[in-house]
Structures are given as C-alpha cells and as structure tokens.
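This report concerns the predicted model shown below. Please keep the sequence and the structure in view while reading.

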Amino acid sequence: MTTTDDHRGTARSTGPSLQELLDTDTREVPVSLRDESYVFQGTADVAKSRYTDPTFASLEVEHVFARTWQMACHEDQIAKPGEHIVFDLADQSLIVTRTDDGSIKAFHNACLHRGTKLRVDDGRVASFRCPFHGWRWSLEGELAELPCQWDFPQVVEATDGAQLPEAQVATWAGWVFVNFDLDAEPFETYAAKLIEHFEHYDFADRYIAFHAVKEVPANWKVVMEAFSEGYHVIATHPQILEFTADANSEYSIWPDSANVSRFVNGFGSQSPHLSELTEQQVADAYAAFSQRGAGAGIPVGEGQTARQAVAETFRGALTKLYGADLSDHSDSEILDAILYHLFPAFAPWAGVGQPLVYRWRPGPTPDTSYMDVYRMAPVADGAERPAPARTTKLTLEQNWDEAPGMGGLAAVFEQDMANLPRVQAGLKSTGKPTVSFGLYQEARLRMFHHLIDEWITTGLAAAGRSTAELEPYAVTEG
C-alpha cells in the first residue's frame, strides 16, 4: 500500500477519506461529523515503563484519575432512593447513590471510625451501616447511629456532624460522572466538545440493553489504545476488511477541547489493503458478516454504492428492532464506528448502528485493568423505559462470550483480547525501551500520553513536589 503524501504528519492512505464517504451519504449528515480536526502530536517514542512501572501507575492514579471526571454509572442503575453502585478506582472507592430527595451523591466508601468499607456490592439499602461496629449513615451522608455514643464526644461535637466526605457529581445524557477533586473544573467545560456533538444523538433516550465488565491481563492504557485506532484491523480482524475502510479512518483532535477526541471508521467501503472489489462484493461480504443482513444478499442498484445499499437495509432492520423512526438518520449514523473519547477513560459511540459505550479503569497492579462494555438501545417510540440490564462481571480467566447477551460482538472482542497479554509481556522486554506510534492513525494515543504528563506535572507542582518524579517516564521529542 502506498500513501498520497510523504510529509510527516500529513501522509494519508489511498482511497476515499471519511469526508469523501460522507459526501455520498443519502441523508443529511450531522454537522458534528463535518467538524474534523487534526493536530500533529510529534514523533517521539513513548517509554514502555509507563505501562509496567508501579511508580508511574501510582502517579496516574494520584494526579490523573483522582483529578479528572470519571463515568461511575448510568442514572437508570440508581433510579430509586437507596439504590447505589460501588465505584472502585484503584485503591479508592465511592458509593454513588440516589438520595431520598432524588438527588445523586457520591460518598467516600469508608467508615469514619476505623476505615472499613461500608459497601462492597451494588444494591439498595435504607442507610449505609458499617459491618464492623455498626456506625450508620443516612442516604444523605449524615451520621444516623453511633453505638456507645457516650464514648465518642469528639465525633458528636464535630462541626460537620461526622458527615461522610463527598466527591463531585455531574450528570450528562443519563450518565453519572464523579470527580474526587472538589476544586476540579465543571464537567460542562471539561467535556464541552462531547456535549456539543451529542446534542444531535438523543443519547439520553437510550437504556442499557447489555453491560459487562471484565478484568483484563494488561495495563489500562494497553486496553484503551487497542480500541482507539483502526490500524490493527488488517492483522487482528481480517474478516471485516472487505467492507471496512480501516486505513481510511478519521482521527480528530480539537485544540480548543483537549479532553475530547474522536475516531471514525467508515463501513460499507472496502479496505485499501485489498485489491479492488466490486460494490456488490462489498455489500455481499457485509451482509454475510452482519446479523442485520440475515445472511441474505443485499442487491446494489444501478448508480448505487454498497455503502448506500447496506445502509438502507440496515436502517430498515434497526427501525424494526428499536421501534423507532430512523428514516432521517444518515448512512454514517447507521453504519460507521463513530467513537468519541473523553480523557482519560470514557468512550461513547455516536450514531445508531453501533450504540456502545466503553470505560477503562486501572487494576490492582499495572499488569491488569478493567473494561466495561455497554450496549445502549433506543427506547421504542411511546414505550415505557426498560430497566437496565444486569451487570455481568467477568474474571481474568473468563471470555466475553460468557456474558449473556453480548452476541456476535464477543468474537471480535476475543480477537482483541488475544493480543493484550502478549502486548503487556512484550512491554517488559529490555531489547527496546520504547514503543513507536504512527503519526496519524495513532496520533490520539500520542495525545493521551501528553495529557497524562500534563496532569501529573501540574499535580506534582500543586503538591509542592518536584516534577523530576516524572522525568524517567516523560514523553519527549528525540
């Protein structure tokens, strides 16, 4: 395969760009999809130790995850007073709950007596009671019961009344976000580009049709990066090359919205890695792979592209599936993988045909992490909002196909999962101390590392610590 330009940072694959595919759409394309931007992220290699070193992992938790906005749950999962989820993030834990007045609060999940975790499982309770000595707090976080109160005058007389400490809470499009830093910037400015673009997608009108979380034997960045570029399709998912414009994917980085980026992989168009296929061959391959094609052929009409023909068939199938009118939705919204990323670890898909949401979290060691996958389905027109699907928790040893309801997506995920432990193992090789990212297809990966360094640097400075702590791991130009 050749490229159309050899200049660093501007070279692109042969074949139609995403914007050229959008030009052929049979419907009006959302303005947000025309809002594309690329910012050169340099050519530097990245130290492997950023994925393996416990010291760097601690810096990330302390200065990135503890200060940025994290998706904790969906509002539907805590719809009633007392319903709560336990949001664990490395060695920190929050109880995110619905209070009696309908508001949402996030309490630090530790008894103020001797530190016992108040809750270890999601559920619904009338109050939060410590299993060790019976101290109990109301849903509003107020101390409601203290056995042998006479022995704790300093607690009874405290000006805050022994109130459970809280984290910041924000809600957007049905999702609940938390921030351990009480001085952090508002979510509305932190995620401005994401909020602006998703105004078109009625994201709040979707419910959780599937949710699974799996412990993965790789660093959280290794896992996240595997779902942030289309470059791996040629080797990892060769079965989709006939109808996936992998190397023609578009990667957007907006200088005015540093925490938000986007990756769009066009479907219904062949990979430039293959010899030229006919439009009918592309459509046939897509129909055979997709359940929406029911294995039947999709005829491509005269003057029609495979992308247009498949989009029309899938639009009809999704209309029946969701019971919603999708006639005005563009081909891109029906077909394409439109994946946004909110730094550091939340990734919602836009459009209709790929209604997924991802989340990543660090594990107990740098060699493990957790990945959540949600499938969001539109609420049928005029129908009552369904209850959210139960969460399936998968261990390191389990596969994604053990999560009921994941369907054909599991096979694709397992192809990715097969790579990840091998990546983590290879990162410990001493032969070459760095990894080398592409300049365009992996530009967002470069950007993530730059942002991580910025957060760690500002965090160390604010704490009065030397930024020399970051130097062994810093991303610098050679």
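The sections below treat a sheet, a helix and the aromatic contacts.

Three strands form an open sheet in the order 7-8-9, and their pairing is antiparallel. Strand 7 (128-129) and strand 9 (143-145) are the edge strands, each pairing on one side only.

Strand 7 is joined to strand 8 (residues 136-137) by two bridges, and these strands run antiparallel. Opposite Phe128 stands Trp137 of strand 8.

## Helix 4 and its surroundings

Helix 4 spans residues 54-65, and its buried residues are Phe56, Leu59, Glu60, Val61, His63, Val64 and Phe65. These buried residues pack against several elements, including helix 3 (49-52), strand 2 (70-74), strand 3 (83-89) and helix 14 (443-462). Helix 8 (220-226) and strand 17 (356-362) are also among the packing partners.

At the start of helix 4, the backbone nitrogen of Thr55 has a side-chain oxygen of Asp53 within 2.7 Å.

## Aromatic pairs and charges over rings

The structure contains 30 aromatic pairs. One of them, formed by Phe267 and Tyr286, is tilted, with 6.2 Å centre to centre and 35 degrees between the planes. Phe267 lies in the loop between strand 14 (260-265) and helix 10 (279-289), whereas Tyr286 belongs to helix 10, so the pair ties together parts that are 19 residues apart in sequence. Both Phe267 and Tyr286 are buried.

One aromatic cluster is formed by Trp69, Trp175, Phe177, Phe187, Phe346 and Tyr374. The charged end of Arg12 sits over the ring of Tyr38, 4.9 Å from its centre, and also over the ring of Tyr440, 3.6 Å from the centre of that ring.

Conventions: Residues are numbered from 1 along each chain as its sequence is written. This is a predicted model: local features need pLDDT of at least 70, side-chain atom pairs count only at pLDDT 80 or more; totals for chains, interfaces and linings use all residues. Side-chain values use heavy atoms; hydrogens and water are left out. Two strands pair if DSSP finds at least two bridges between them. Helices (H or I, at least four residues) and strands (E, at least two) are DSSP runs, numbered from the N terminus. Buried means under 20% relative accessible area, exposed over 50%, partly exposed in between (1.4 Å probe, protein chains only). Contact means heavy atoms within 4.5 Å. A polar contact is a pair of N or O atoms within 3.5 Å; within protein, one must be able to donate a hydrogen and the other to accept it, and residues adjacent in sequence count only if both atoms are side-chain atoms. Rings of Phe, Tyr and Trp (its six-membered ring) pair if their centres lie within 6.5 Å; planes under 30 degrees apart count as stacked, over 60 as edge-to-face and the rest as tilted. A charge sits over a ring if NZ of Lys or CZ of Arg is within 6 Å of the ring centre and within 35 degrees of the ring normal.
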